[in-house]
Amino acid sequence: MSGANRIPGAGRLTPAKTARFTFDGRPYTALEGDTVASALLANGVHLMGRSFKYHRPRGVVSAGPEEPNALIDVQRDAARRQPNVRATVQEVFDGVTIASQNRYPSLSFDVGSINNLLSPFFAAGFYYKTFMWPKKAWKHLYEPQIRAAAGLGVSPDQADPDHYAGRYAHCDVLVAGAGVAGLSAALAAAKTGASVILCDEQPEVGGALHFDTSVMIDGKPGFDWAQSVAAELAAMENVTVLTRTTAFGYYEHNFVGLVERVTDHLAKPDRRLPRERLWQVRAKQVVIATGAIERHMVFSNNDRPGILLASAARTYLNHFGVAVGRNVGVYTANDSAYEAAFDLKRAGVSIAAIVDCRQQPGAAVLAEASRLGIEVLTGHSVIDTAGKLRVSSMTVARNGGGSSRTMRIDALITSSGWTPSVHLFSQSRGKVAYDAESQRFLPGTYVQECISVGACNGTNGLQATIDEAIAAGRDRALKGGFTGGDTPAISGTNAFEWTGGMAGAAEGAGPDTTVKAFIDFQNDVCAKDIRLAVREGMHSIEHIKRFTTNGMATDQGKLSNIHGLAIAAEALGREIPKVGLTTFRAPYTPVTFGTLINHSRGDLFDPARKTPMHAFEEAKGAIFEDVGNWKRAWYYPRAGEDMHKAVDRECVTVRQSAGIFDASTLGKIEVVGPDAAKFLNLLYTNGWDTLKPGRCRYGIMLREDGFIYDDGVVGRMAEDRFHVTTTTGGAARVMHHMEDYLQTEFPHLDVWLTSATEQWAVIAVQGPKAREIIAPLVEGIDLSNEAFPHMSVAEGKICGVPTRLFRMSFTGELGFEVNVPADYGQAVMEAIWARAEPMGACMYGTETMHVLRAEKGYIIVGQDTDGTVTPDDASLGWAIGKKKPDFVGIRGLKRSDLVAEGRKQLVGLLTKDPKEVLEEGAQIVANPNEPVPMTMLGHVTSSYWSENCGRSIAMALVAGGKARLGQTLYVPMADRTIAVEVSEMVFFDKEGGRIHG
Amino acid sequence: MLLIRCPYCEEDRSELEFRSVGEAHIVRPDNIAEISDEAFAEYFFLRDNPKGLIYERWRHIHGCGRFFNAVRHTVSDKFVMTYKAGEPKPDLPAATPVAQPLAQEGAAK
Amino acid sequence: MRKYSVFAVAREALRGHKGWEAQWTSPEPRKEYDVIIVGGGGHGLGAAYYLAKEHGITNVAVIEKGWLGGGNTGRNTTIIRSNYLYDESMGIYEHSLKLWENLSQELNYNVMYSPRGVMMLSHNVHDQQVFKRHIHANRLHGIDNEWLTPEQAKEFCPPLDISASARYPLNGAALQRRGGTARHDAVAWGYARAASDMGVHVIQNCEVTGIRRGPDGRVIGVETSRGFIGARKVGVSASGHNTQIMEMADVRVPLTSNPLQALVSEPMKPIFPCVVMSNTVHAYISQSDKGELVIGAGTDQFVSYSQTGGLQIITHTLDAICELFPIFRRVKMMRQWGGITDNTPDRSPIQSKTPVPGLYVNCGWGTGGFKATPGSAHLFAHLIARDAPHQHGAGFTLDRFRTGRLIDEAAAAAVAH
Amino acid sequence: MADPVIAQRRPVLAGAHPSLYGGSAVAHVTPAKAATRLSLRAKPDAVAALSAALGVDLPTRPKRSASSKGRHALWLGPDEWLVIDEAETDLMAALAGVGVLHSATDISHRNTAVLVSGPGAAAAINSACPLDLTDGVFPVGAAARTVLGKIEMVLYRTAAEDYRVECWRSFAPYAFGILVEGAEDAAL
C-alpha cells in the first residue's frame, strides 16, 4: 500500500506501479510519478523540514518550485548527493535515499529549536546591533556559531561523477510554460510553420490543469487535452517539446537559458545520459506563459506542518490521489480555495469550515458550498493555530473581535490570491506596473521581443486565456514572416470564475509586534519584522528586504514578496507602487553549477596545447610546465637528478657540446605584401628597410604608451615577406594588436598578416657542435659562417622536407632554429637527436633556456619587464630607430615620467656570497636598517644558479640602476639580509665570441 | 549574451565571436610624435563613457576578423546599427527609437 | 543616539522591539551646506562621517539618487585585503584594512569584518614570481602576506583540489591572514547612522542634475531633482555615474564603466572557511554567514550601465570554480546580479582635486572599491577638508595620465582586485 | 655523411585514443585525411586571376564556398579565403606565378580537420558552437569561422549531414573530444 492517505480512484497515478524509498532512514512506498512530497503526504508525513533561523518544524506548503519549507537531501549514492532539493519537485525513484535538513539530532527533536524560544532576541537585523565585544570574539566565537546554525543542507563532499550536456538552439518562437496558455500559443505558432520550442518545468504539461479538474477543453478533461496537444506538437518536425525543463533566465537580445533535468527521476539511468542539459536558446520571439503562484494567508502561527496552499492540496488530491488530511480547515480571501474544499469534500474528506475574511465571497462558490453542506464563516479570520509537529486546531474569530472558537483539524489550507509569475518578463528588463484594481504587478513596458499570456499576464478566465494565447502565438510567428496554417479553434469551460484576493497581513497577524505571522517561511520573516524594519528607518523596499532577509531564501520570495511589500506599504502609509518592487533576478529556480558549465570540465575545461614533439619529449623524460595553455618541456631529469641537478647538467652540456630545445610555441606571424617593411617600421621600434632578405633582426614592440609590449626575432624571407616571431604568451594579443593598427590606422598599406604559429615546428640546436649535428641533414643551405652568419635565415630542406632554417641564438652559443612543417616536427627531431646524442648533446627545457639567456643578459618580456618598462629601462635603447619619424610608442616614450631621473632600470646583481641564490621577486633596498615601511628600490626579476659561471646570477629592476654599477645594495629576507653588488647584465662570454663560432 | 550584426558577414552572430575594442572614431594623429602631453593623454586615455548612445569598435575576431563600428545604447545594450570601418560616423539624434523600449504596453492598466 | 549592545537588544526583546528609533533621519535639505557629498554608498557616507568626526565639519549632506548602499556597496563580493604591490596602493589599502579592524566598535554597528584570510592561488612559475614580488614588498611595507605550499593551501582551504592531474595544478599560494570579508549593507548603514547622529543630512531619492559654479568658476552648489542646494565644496563619489556627474562641471575623467557580475549559491552548512582568488583561471569565492557561496565573476569588456551581463561570463567563472573545487559541481546557483565598475586606464583609483575649485572626485575603484571603503572615505574627507591630499592618497591624481606616472597594478601584477 | 633521413608526416590526431573514434550512431566523428591548405588574402580585383590559377572560383559573398575536384575555397572574410586541397597538391606552387597583388601563406600543417557526419551532426556541433545551423541559415556549402567551446574553428558544411571542422593543430584533441561528447549527447 502506498500510504494511508491515498484516496482510491483519485489522482492519475497507477496503484500497481510502486517505488520504495527512505526518509530519514524509514522506508516508505510511493507510486511512480509521485514527488517526494506527495509520497510522504500519502504516508501521513507532513513534517519535512526545519526553518532557517528559528528551526521551527515545517511541512510542505506548495506542490511546486515555489516550495520554501520542504527542502530535502536527495542521495542516489555516496557521490551523487544533492542538498536543498524541493520535495515538491523531486520525483521519487526506486531506492532513493531522502533526508531532512538543518536539524540535530532529528527532525522531530531539533536542539536548534532553542532559537525559537529565544526568537524575541533574534529580531530582524539584531546581529548588526551586537556581537561587537570583545573585538576578537566576532571571528572566533560569534561568527562560527552563527555560520553553524545558518545554512540549510550539507554541501556535497565528493567530486560529482555525473556529466552534463549543453546545446545551443535557435527558434522563431520560444514558449515558456505549457499550461493552457502555453499550449495554445505553441499550437497557434507551430501551425504557421514557424520553428517552436515549448518548455515546461513539470514532468507533464498542463500547468494548473494538474489540479483544476473542473476544466473541460474541446470536450476533454483539461489535463487529457493538454497531453493530446503536447503529443500533436511533438509530432510536428518544426516543434521541440521539452518537459522537466525550466526557463531559468532571460538575457540580452532574446537569449534564454533553459535547464532540462534528464536523469534525476530515473532509478537506473543509462550512464551515457547527462544528468542535466543546458539549452541556450536564441529566440526571435518569446511567449511567456508562466502562470501564477498562489499566496498563503498571513496570520499567527501560520507555519505549522499541515498548513498549506489550497491549490497544493488540490494538486495532491486530483493528480496524486492524496488527501492532505481527513478533517481539513480552509482559510481564504479568495474563491479558488473553495474549489479545493469542494474537491476534498467530494473525495470524502470532512471540511471543518471555510473561513473567509471577506464579507462577500463569490455567490457561485457560496451556493456550491451550502449544496455540499460545508460551513462557511464569512467576515472571519483564523487568529491562531495549535499543534507541535502537525497542526491540530485553528482558532477562528469574527473580524473586528468578538468571541473566538477553536476547531480541531489535521490540516489547514489557505489562499490569499494569486501572484502572476512575471519573473521572466522582469528578467527581460520589462517594467512591471501595478494594477490597483486587481492588486497585482503585471507586465507593463516590454523592452525585448516577447509577450506574456494567461495568468502571468493577469488574464482571468479560461476562454479569455485561450484566445489571448492563440492570438499571441500567431502574431509572434507572423513577426517572423510565417503566415501559413490555420488558426486553431480551442474552446474550454470551467466551473467557477474566481474573485477576491488580498496581500499582506490578515486580521490574525494583528498590529502586534510579538505575533509570529510568517511571510517568508524559510527565512522566518514575520509581518512584525517588516514593521520593525520600517521603524528603524528602512523605507526602501530594498532596505527592508536586506534588513529582514525577506525574499532572499532559496525560493527567492515567490510566496513572500508581495505580502512583504503590502505590509511595508501599510507601515509606511504609502501606496504599494510607491514603495516599489525588488528586482527579479535569474535564475527563476536554482541551477546546478555542473549544468551551467556542462562540457567545460576535465580535459575539456581548457585546451592543453601540445607541440608536435610532445610525445618525443615525454619519452625522453621531460617534466612539463604550463605556459599560457601550452605544455612546455621544463627540464629532463635523469635517474637520481632533481630539478637543479638536471638544469646544471643541461646548462653545461649546451655550452660544452650542444643542446636540443623545442621552441615551437613561440608565436609566428607571416607578414606579406609590398608594404610589409613599412608596416613593421610602424609596429616595431627598429628600422626594417635595411634588413636584407635572408637576414634576421631582434625587434621590440611597444604599446602606444611607450612600454615594452613584446619582442622577437624577425626574419626577412623576401622583399615582401617577413617571418615574425613573438613571445609564447604574446602570440594572440600581438596578432590582434597588429591587425588593429593595420585595419584601423594604416589601412592604406598593402600588407596582410597570417598566423603561422602552428604551421611550424621549431627545433633549436644550440652549442659548439650545433652545425656538426645538423649539417648532414640539411640540403641546399651552406651553413658556413661566411655564407650563413649569425642572424641569417634560409629556405632549404632538412631530412627531405622543407625548412626555414634560422641561424640565431638565445643562448649565446652557435645556434640554429630549424623550422619545419608541424607534422614533420617529431620525425625531424628524432633524426637530429639521433646525431646529437652520440656527440654528447642533451635535450634541454625552458628552465635551462632561462638560465642560459640570463648568463648572456638577454631579457624575457613579462619576467624582466612588467608593462611599466621602456626600452631604455631595459638597456635596449639601441633597438630604437633614431631617425624614424613614427612608430607605435614614439610619443608615449617622451612623457615626462618616462624620461625622468631615477626610473627603474634593468641591471645585473651579484650576491656577495656567490653560493647565495636570490629569490625572484625579492625586493631591494639601500639601507637594510630603515624601519618599516622601507624604501624599496626595485626587485629581482630573474635569479639562477649558473653552473657555467660557478656562482649565482640575477637580474633586477633597480631605481637609477645603471648609475649604481658597483654599488652594494641589500635584499632583506624574512630571516636575514643579503648583500648584493650591482653589475652589468652579461655574466658569461662577455666578449660574445661564441655566438659566431 | 549579445547578438551582433557584422557588417561584413551581413549577419547577426553571437557575442562569443566578437571582441569589444573600445571607442570608435579616435584617429591616431599623423604628427603624433609632436603632440603635447595633454593631447597625448586625451588621445590615449580619455574615452567617451556615455549613459546613452556610444560609438564603439568591435572586432569579429572569431569570424571574418574585421574591425567595425557600432552604435549601441549603454543602458539598454540595444544596438542601433553597425557599420564598416572607415565609414563616416552616423549623425543620430541623442535619443533614437531603437534605443528606447519597444512601444509595446502590457496588460497593466 | 541609542547605543547598540546585547543589553539594549535584550531590553527591546521584552517589549517587542518597539523602542528602536530610525537608524538615520531623512530631513528636508537645507538651503546650503559646507560640503555636499554626491553618492550615498560606503565611500560617500564614510567621507561624510569622517568630515564630521575628524574635521569638525558637520554641516554636510550626502545626496543619493536611489537608496543608501544601492550601488556597488550592495552588489559586491565583499573581499577585503591590502596585499597590493606599489607603495601608493599598499598605503591606501592598508590604511583601509587598519580601519576595518576597528570599524564595528568605531561605528557601534556590527559590520561583521571577518579576517578569515584571503588566499591567492599560484598555478605556474609566472604566478609564483608575481606573488613572491608582492609578498616581499608587503613585508617591507609592514603588510602580512605569506607563501604557502600546495599542501598548506589545502590545509587552509580543504575543498581545494591540489592534485597534479588538475588542468592547472597548484604550485603554491599567497595568503593574507588579515584579509577577509565584511557585511556590505552594514557598512553603508553603520556610516549613515553614525554620520546622521553627528548632524550629517542623509538625503535619499534625490538625483543630482547639475553642478552650479560661480563667476570665479568655483563650485557653489548642485542642482537636484529636489531643487538647488548650495555648497561651498562638493565631493563626487558616485560609482557608475561619475562620468556624467563630472561632465556637469565640464571635467572629463578617464573612466570606462563596465558590467561586473557576481552570484551566490544556495545556502549550505559551513564548508568554505576563507576567501580564495585565482587569477589564472579567474575565480573569486567565499562563503557568507548565511551559508551561500559568494562568487565573483568577470567583467564584460564593453561600456554598459545595464547592471546585467552575459551568461557566458558566469559560466566561465563557474567552470574555473568547479575545476578548483570539484565537490561544488552539484551545488546550485541561487541568484546572479550585476554592478557597474568604473575603471581607469591603470586600474588604480582617482582621488583628486579637479580643475574646478571646490570640486573633488573619488572614482575609478574598479573592483577594489569595497575593500577600500573606510580608507577611501577617510582620505577623501581629508582631501575635501584640507584641500590637500593625505599622504596615503597623494599618488592618485588626475594628472598622472599626463605625466605617465601610473600606478599600474594590473600591468605590474597581473592580479585582479 | 649519414644516409639521408626522409621525415614522414605525422598528423596530430594520428595518436588520438581509439576509443574516441566514432562518436555515436547519429553523429560520426573522425579525423580528416591530411590535406594542403592556404590562407589566401587579396583584394577584389585579384579574385579572377587567383581563381583561374587555383581552378576554383573564389566566393565573394559571406559564408559561401566553392569546390572543384577535391579543392575547396571558403570565404572567411572580405579579403580572406581558406583553400583546402584534399589531394595534397602544392597550392603555394599553384600561385607562384600569379602576378596580381595577394598574400598566400601555407597553413597545411597549421590546421587539421575533424569530420562530423550523420543526422545528429548539427546537434553535436551545436553542443559547443553558437552558430545557427538550421538549413535556411547554414545550407550545404556554407562555411564560417566561429567558435567551438573555448577554441576557434572554421565550420564547413559539405553535405546535408556532413560537416568539416577545421582548427589549429594543438586544439585538435580538444575539438575532437568536445565533438565526440556532443555526438554522444545528440544520440540521447
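**Strands, sheets and chain contacts**

In chain A, I217(A) stands opposite G492(A), a residue of strand β29(A). The model is predicted, with local features requiring pLDDT of at least 70 and side-chain atom pairs counting only at pLDDT 80 or more, whereas totals for chains, interfaces and linings use all residues. Residues are numbered from 1 along each chain as its sequence is written, and chains are lettered from A and ligands numbered from 1 in the order in which they are written. Strands (E, at least two residues) and helices (H or I, at least four residues) are DSSP runs, numbered from the N terminus; two strands pair if DSSP finds at least two bridges between them.

Strand β10 (residues 216-217) of chain A is joined to β29(A) by two bridges in the antiparallel sense. These strands belong to an open sheet of three strands in the order β11-β10-β29 (chain A), with antiparallel pairing. Its edges are formed by β11 (220-221) and β29 (492-493) of chain A, each of which pairs on one side only.

A second open sheet includes strands of chains A and C. Its nine strands follow the order β32(A)-β16(C)-β12(C)-β15(C)-β14(C)-β13(C)-β4(C)-β6(C)-β5(C), and the pairing is mixed. The edge strands are β32 of chain A and β5 (146-148) of chain C, each pairing on one side only. Helix α8 (residues 311-324) of chain C packs on this sheet, touching β12, β13 (275-278), β14 (283-287), β15 and β16 of chain C. The direction of helix α8 makes about 130° with that of β15(C), where axes are lines fitted to C-alpha atoms, for helices over the stretch in contact, and angles run from 0 to 180 degrees between N-to-C directions.

Strand β32 (residues 591-592) of chain A pairs with strand β16 (residues 332-343) of chain C over two antiparallel bridges. In β16(C), K332(C) is the bridge partner of T592(A), and M333(C) is that of V591(A). Of the 12 residues of β16(C), 10 are buried; a residue is buried if 20 or more other C-beta atoms, placed from the backbone, lie within 10 Å of its own, exposed if 12 or fewer do, and partly exposed in between. Strand β12 (residues 256-265) of chain C runs antiparallel to β16(C), to which 10 bridges join it; Q261(C) has G338(C) as its bridge partner in β16(C). Four bridges, again antiparallel, pair β12(C) with strand β15 (residues 293-299) of chain C, and V264(C) stands opposite V294(C) in β15(C).

Between the two chains, 84 residues of chain A are in contact with 76 residues of chain C, contact being defined by C-beta atoms, placed from the backbone, that lie within 7 Å. On the side of chain A that touches chain C, helix α4 (residues 137-149) of chain A gives the most, with six residues. This side of chain A has 36 nonpolar, 26 polar and 22 charged residues. Here Ala, Val, Leu, Ile, Met, Phe, Trp, Tyr, Cys and Pro count as nonpolar, Asp, Glu, Lys and Arg as charged, and the others, Gly among them, as polar.

Chain D has four helices and 10 strands, which run β-β-α-β-β-β-α-β-β-α-β-β-β-α from the N terminus on. Along its principal axes, the C-alpha trace of chain D spans about 55 × 55 × 30 Å. Of the 188 residues of chain D, 53% count as buried. Among contacts in chain D between residues at least 6 apart in sequence, 62% join residues at least 24 apart.
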